[in-house]
Amino acid sequence: MPDNDNLHRLLLDNLTTATILLDGELRLEYMNPAAEMLLAVSGQRSHGQFISELFTESPEALISLRQAVAEAHPFTKREAQLTSLTGKTQTVDYAVTPVINQGQTLLLLEVYPRDRLLRITKEEAQLSKQETTKLLVRGLAHEIKNPLGGIRGAAQLLARELPDEALKDYTNVIIEEADRLRNLVDRMLGSNKLPSLAMTNIHEVLERVCSLVMAESEGRIVLVRDYDPSIPELLIDREQMIQAVLNIVRNAMQALTGQSDLRLGRIQLRTRTLRQFTIGHVRHRLVCQVEIVDNGPGIPAELQETMFYPMVSGRPDGTGLGLAITQNIISQHQGLIECESHPGHTRFSIYLPLDLGASSS
């Protein structure tokens, strides 16, 4: 059985809550691994540093911390904007508790990232909407395909009875349009085939997409690659993942080709790994992040909440199925897709688990 000091350190080191201990001069005494991950700093190397050398918030925050030391008065702050040394800004809640130790007042900070919670909440709502939409589309597809089959069969029977061959042009139109609608409904439903999983290098997928897009755009769009070559292979369906990424990149290409000066069109493909990332209710030790960023006109605000729904498109000639199919493929791989967009910048982020064993969040 470990002694009390070692036990306390063991417990703190394994907390998922970012915990920071400051001395009376607001210099770092200790931070646990969760805090190191949140602030992207090393606790050992940062020992003794002033709090503003670790992260910045607001001048009022420093005043409040000094008052907490002087008066031994705890306080809590909600939705604070915390900026780490890397420049990353996060929305957090934090609680400050003065701790008296050998006549000195220390400050214990417990920091709770709000961005992650807000993202999980948004993701759960998105997945719920996706399931509702799937049920609606499947029910609608069933009701459409049955009469379509009847219409097609009746047109075929009618074609056999027509005395004039020229009249068969009309029945052929009926048959062809019935087939077109059936194919559209099948695309709305998506593939029922389970992914054929195999260990695959994600950069092979991206390079295949790049070659297809370069051929389609005839080299008129600049493709920028920013890959992390250390990313290990993923267990994915290569062909499905090519289709998923291609749908996004093709949308970006079409948005860029609508601009007056096509030479300025730029699409960036970026890969990175992220640690301790939550998808749904599962927390993964390691995920692969694929970002597709373009400098096009952006997605209209009124479409951003519904763009993953079938039949929703920002183009007059679009079917609105590309992103719905992409989301379905990513979901089948236990992944996540997100988007943020404003004029001049649209970023789709795909997250795919790299670890085979994950712990519940």
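The points below go from the overall picture to single residues.

1. **Overall picture.** Please keep in mind that this is a predicted model. The protein chain contains ten helices and 14 strands. Of its 361 residues, 38% are buried. Among contacts between residues at least 6 apart in sequence, 61% join residues at least 24 apart.

2. **The largest nonpolar core.** This core has 35 residues, and those touching the most other members are Ile202, Met241, Val245, Val249, Ile267, Ile292 and Ile350. Two or more residues each come from helix 7, strand 9 (234–236), helix 8 (238–257), strand 10, strand 11 (282–294), helix 10 (322–332), strand 12 (336–342) and strand 13. Helix 8 is the biggest giver to this core, with ten residues. As background, nonpolar side chains in soluble globular proteins tend to be buried together.

3. **Val245 and its partners.** Which residues does Val245 contact, leaving aside its neighbours within four places in sequence? They are Val205, Leu206, Val209, Ile292 and Ile350. Val205, Leu206 and Val209 are among the buried residues of helix 7, while Ile292 and Ile350 are listed with Val245 itself among the core members that touch the most others.

4. **Helix 7, its length and its ends.** Helix 7 covers residues 202–217, and its 16 residues reach 23 Å from first C-alpha to last, close to the 22 Å expected at 1.5 Å a residue. After the helix comes Glu218, which has a positive phi, near 55°.

5. **Helix 7, its buried face.** The buried residues here are Ile202, His203, Val205, Leu206, Val209, Cys210, Val213 and Ser217.

6. The structure has two aromatic pairs. In one, the ring centres of Phe75 and Tyr94 are 6.3 Å apart and the planes are at 75°, so this pair is edge-to-face. Phe75 belongs to strand 4 (residues 75–84) and Tyr94 to strand 5 (residues 89–101), so the pair, 19 residues apart, links distant parts of the chain. Phe75 and Tyr94 are both buried.

7. **A stacked pair.** Phe277 and Tyr351 have ring centres 4.4 Å apart and planes at 20°, so they are stacked. This pair also links distant parts of the chain, with Phe277 in strand 10 (residues 266–279) and Tyr351 in strand 13 (residues 345–353), 74 residues apart. Phe277 and Tyr351 are buried.

8. **Thr19, a buried polar residue.** Thr19 sits in strand 1 (residues 18–22). Is Thr19 buried or exposed? With a relative accessible area of 4%, Thr19 falls under the 20% cut-off and is therefore buried. A polar atom of the Thr19 side chain lies 3.1 Å from the backbone oxygen of Thr17. Not counting residues up to four places away in sequence, Thr19 touches Leu12, Tyr30, Met31, Asn32, Ala35, Leu108 and Leu109.

Conventions:
Residues are numbered from 1 along each chain as its sequence is written. This is a predicted model: local features need pLDDT of at least 70, side-chain atom pairs count only at pLDDT 80 or more; totals for chains, interfaces and linings use all residues. Side-chain values use heavy atoms; hydrogens and water are left out. Helices (H or I, at least four residues) and strands (E, at least two) are DSSP runs, numbered from the N terminus. The expected span of a helix is 1.5 Å times one less than its number of residues. Buried means under 20% relative accessible area, exposed over 50%, partly exposed in between (1.4 Å probe, protein chains only). Rings of Phe, Tyr and Trp (its six-membered ring) pair if their centres lie within 6.5 Å; planes under 30 degrees apart count as stacked, over 60 as edge-to-face and the rest as tilted. A polar contact is a pair of N or O atoms within 3.5 Å; within protein, one must be able to donate a hydrogen and the other to accept it, and residues adjacent in sequence count only if both atoms are side-chain atoms. Contact means heavy atoms within 4.5 Å. A nonpolar core is a set of buried Ala, Val, Leu, Ile, Met, Phe, Trp, Tyr and Cys residues joined through side-chain atoms within 4.5 Å.
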